[in-house]
Amino acid sequence: MRIPILDLKAQVQTYRTDVLAAITRVVDHQQFIMGDEVKAFESKLAKYADVSRCLGVSSGTDALLAALMGLDIGVGDKVLTTPFSFFSTAGVVARLGAVPVFVDIDPQTYNLNSALIEAALTDDIRAIIPVHLYGQMADIADFANRPGRPPIVEDAAQALGARLHGKMTGHYGDCACVSFFPSKNLGGFGDGGGLLVQNQEFADKLSILRLHGAKPKYHHHIVGGNFRLDAIQAAILGVKLPHLDSWADSRRHNAHWYNEALCEAGLVSRGLVTTPLELPDATHVYNQYVLRATRRDELRVFLGDRGIGTMVYYPKPLHVQPCFKHLGYGPGDFPHAERAAESVLAIPVYPELTREQQQFIVDSIADFYGVG
């Protein structure tokens, strides 16, 4: 039995006819850059996320970059974030000449430990980037309401549709940055991203920044970038958006089944840790289902030999990446992030996964550990 980490071919059957019609529409009108397709999708996504404005951009990384540019983050400014994330979280900070400042994760959720934020704040911290890792929002509600706090840019690349205390991403920060990379819950047919914004003035500035800082065209009062979302991607995403919640429900159902099955198989008593703890009054959308496993790399090879796809998100924390050596961090500085990096393993959780496939995965993990 072959089970990929993600099966996009299985998913496309649910919307194939509609998406081909949307692509044909773009081919027929030949308006490939910005335009009505992008505006229509932005309006739909803003309504879905219950925010004032959505701005389509070229990638999740460019969403983060544009957000920091909109906050005038520059050389020497410090931005507080997590060391356990995809590279772009800290990479965009460095690209602007600013300095990433790391805070360790909560070992139960793998997200930025909100209890450590206050102690890490200094007068030169100009922004905070909490990452809603694997599909669950970081527990930032209390800090978001703190008077005089630095701006918050939510890295919601993996968490579109997630909720905390009933509010979606984009309601706790000055903006939320989402990704439409194909592997995301709402994925396009290539790169794409978005900014979810409540403040209209900030949204206006971001809309100019994504067009090289021009308003009107060829008149540049600020320096921006080429951060535009392609019309064909917007048309595709508009077709997929109505399916997003049902897909998340299926992912959640699959994740909860794993939790019970792995426990019943005796694997939890052997030290296997199931997916990160779900916060109270939170809705996890499970972009990934991630185990913490002893002998992780051996387990991954074993599962691969049985045709089961897995991924490690992420094998090396940001603070020990060679390009950040000059920051002065080293092994041992953020032990929870480092332990997570040594043990996390994502297994398939996509909506189209069958119970037979899931049982095969659990049985294979049990076989590796000699359980049963």
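Colleague: Let's begin with helix H9: which of its residues are buried?
Modeller: Keep in mind that we are looking at a predicted model. A residue is called buried when its relative accessible area is under 20%. In H9, the residues that are buried are Ala-231, Gln-233, Ala-234, Ala-235, Ile-236, Leu-237, Gly-238, Val-239 and Lys-240.

Colleague: Why can we say that helix H9 (residues 231-240) is largely enclosed by the rest of the structure?
Modeller: Look at how much of the helix is hidden. H9 has ten residues, and it counts as largely enclosed because the number of them that are buried is nine.

Colleague: Which helices are included in what covers the buried residues of H9?
Modeller: Contact here means heavy atoms within 4.5 Å. By that test, the cover over the buried residues of H9 includes helix H1 (8-12), helix H2 (16-29), helix H3 (36-49) and helix H10 (244-264).

Colleague: Is the crossing of H2 and H9 left-handed or right-handed?
Modeller: You can find this crossing where Asp-18, Val-19, Ala-22, Ile-23, Arg-25 and Val-26 in H2 meet Ala-231, Ile-232, Ala-235, Ile-236 and Val-239 in H9. The crossing of these two helices is right-handed.

Colleague: How many nonpolar residues does the contact of H2 with H9 have?
Modeller: Sorting the contact residues by class gives a clear picture. The contact of H2 with H9 has two charged residues and no polar ones, while the nonpolar count is nine.

Colleague: Now for the sheets. What is the order of the open sheet of three strands with parallel pairing?
Modeller: Start from the edges, which are strand S3 (99-102) and strand S4 (125-129), each pairing on one side only. Strand S2 (residues 78-81) is joined to S3 by four bridges, and the two run parallel. The order is S3-S2-S4.

Colleague: Which residue in S3 is the bridge partner of Thr-81?
Modeller: S2 and S3 are linked by four bridges. On the S3 side, the partner of Thr-81 is Phe-102.

Colleague: Which helix lies across S2, S3 and S4?
Modeller: The sheet itself is twisted, by an average of 30 degrees from one strand to the next. The helix lying across these strands runs at about 145 degrees to S3, and it is helix H5 (residues 88-95).

Colleague: And which strands are at the edges of the open sheet with antiparallel pairing?
Modeller: That sheet has three strands, in the order S7-S6-S10. Strand S6 (residues 163-164) makes two bridges with S7 in the antiparallel sense, and Leu-164 stands opposite Lys-167 in S7. The strands that pair on one side only are S7 (167-168) and S10 (282-283).

Colleague: Last one: which residue in S9 stands opposite Cys-54?
Modeller: Strand S9 (residues 193-197) is mostly covered, with five of its five residues buried. Cys-177 stands opposite Leu-195 in S9, whereas the residue opposite Cys-54 is Leu-196.

How values were computed. Residues numbered from 1 in each chain as written. Predicted model: local features only at pLDDT ≥ 70, side-chain atom pairs only at ≥ 80, totals over all residues. Heavy atoms only, no water. Buried < 20%, exposed > 50% of the residue type's maximum accessible area, 1.4 Å probe, protein only. Pairing = 2+ DSSP bridges. Axes fitted to C-alpha atoms, helices over the stretch in contact; angles between N-to-C directions. Left-handed = near helix turned anticlockwise from the far one by under 90°. Nonpolar A, V, L, I, M, F, W, Y, C, P; charged D, E, K, R; others polar.
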